[in-house]
Amino acid sequence: MNFSNRFLSLVDQQLSVFESDSEIEVVVAYVAKTKDKESPTLEVIGQRPKEIMKVLGSIEDDPDLRAPSLNRRWYPLQEDSVLLGVLRAERFPSEEQWSEALDGRLQISASALAHCLSLELDRQKLLDELRYQRDQIGVLVHQLRNPLAALRTYAQLLLRKLGPDSSQRSLVEGLLSEQKQVDKYLLALD
């Protein structure tokens with residue numbers, strides 16, 4: 001998926017809030033992806049701190065992430081009943097409970113990221129529809145140009161065959177004038 005720089009910047013800003021938190025070791029945002037009838041996967045769209053020695057891979061590749069841990073929490077990025085992704089927070093090893101304040105901040109960030117991700121996915125869908133419509137208009141313009149060119153050629157040939165005093169001449173000239181106008185419309189569409 002190609003996310004906008006504006007969205008990725010927002011993800012980075014949301015995650016950077018936790019970088020100075022002494023409890024948090026790493027916070028990662030994932031987006032859910034599906035490929036033709038395959039089970040969904042989670043792809044990293046942002047992580048903090050950025051200076052982590054290894055780039056965090058997918059959850060499917062790391063069995064440790066599937067095991068329960070007192071030092072890891074998952075927060076769904078959810079819009080209505082649709083899971084769009086997850087926010088993963090890991091703290092430094094500790095036997096203490098997670099602070100309610102930290103948990104609340106992570107929930108708020110997850111909610112904000114979910115709304116922004118939903119808007120970003122809507123934006124991508126609209127852009128895809130716009131590209132499709134532009135492509136269809138391009139095909140339509142191309143398909144209309146050929147018959148219009150043929151009509152212009154036929155009208156020019158007919159104009160040559162008509163004598164200068166023919167009563168039909170103004171009709172053919174009007175046809176050529178209308179063809180030029182339609183051609184201008186097609187040029188504007190293209």
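How many salt bridges does a search of the whole structure find? The search finds ten, where a salt bridge is a side-chain nitrogen of Lys or Arg within 4 Å of a carboxyl oxygen of Asp or Glu. Before selecting any, note that this is a predicted model, in which local features need pLDDT of at least 70, side-chain atom pairs count only at pLDDT 80 or more, and totals for chains, interfaces and linings use all residues. Residues are numbered from 1 along each chain as its sequence is written, and side-chain values use heavy atoms, with hydrogens and water left out.

**Stop 1: salt bridges**

Select Arg-48 and Asp-12, whose side chains meet in a salt bridge at 2.8 Å, N to O. Arg-48 lies in strand S2 (residues 41-48) and Asp-12 in helix H1, so the pair ties together parts 36 residues apart in sequence. Helices (H or I, at least four residues) and strands (E, at least two) are DSSP runs, numbered from the N terminus. Arg-48 counts as buried at 12% relative accessibility, while Asp-12 counts as partly exposed at 22%. Buried means under 20% relative accessible area, exposed over 50%, and partly exposed in between (1.4 Å probe, protein chains only).

Next, select Arg-105 and Asp-21, which form a salt bridge at 3.0 Å, N to O. Arg-105 is in helix H2 and Asp-21 in the loop between H1 and S1, so this pair ties together parts that are 84 residues apart in sequence. Asp-21 is buried, at 14%, and Arg-105 is partly exposed, at 34%.

Then move to Glu-120 and Arg-123, with their closest N and O atoms 2.8 Å apart. These two are three residues apart in helix H2, separated by about one helical turn.

**Stop 2: nonpolar cores**

Which residues touch the most other members of the largest nonpolar core? Select Ile-24, Val-27, Leu-87 and Leu-106, out of 22 residues in that core. A nonpolar core is a set of buried Ala, Val, Leu, Ile, Met, Phe, Trp, Tyr and Cys residues joined through side-chain atoms within 4.5 Å. Helix H1 (5-16), S1, S3, strand S4 (82-91) and H2 each give two or more residues to this core. The largest share, six residues, comes from H2. A second, separate core of six residues includes Val-26, Val-28, Tyr-30 and Val-86.

**Stop 3: aromatic pairs**

The structure holds two aromatic pairs. Rings of Phe, Tyr and Trp (its six-membered ring) pair if their centres lie within 6.5 Å; planes under 30 degrees apart count as stacked, over 60 as edge-to-face and the rest as tilted. Select Phe-3 and Phe-7: the ring centres are 5.2 Å apart and the planes are at 40 degrees, so the pair is tilted. Both Phe-3 and Phe-7 are buried. Now select Tyr-30 and Trp-74, a tilted pair with centres 6.1 Å apart and planes at 40 degrees. This pair links distant parts of the chain, with Tyr-30 in strand S1 (residues 24-33) and Trp-74 in strand S3 (residues 72-79), 44 residues apart. Tyr-30 counts as buried, at 0% relative accessibility, and Trp-74 as partly exposed, at 34%.

Leu-77 is buried, with a relative accessible area of 1%.
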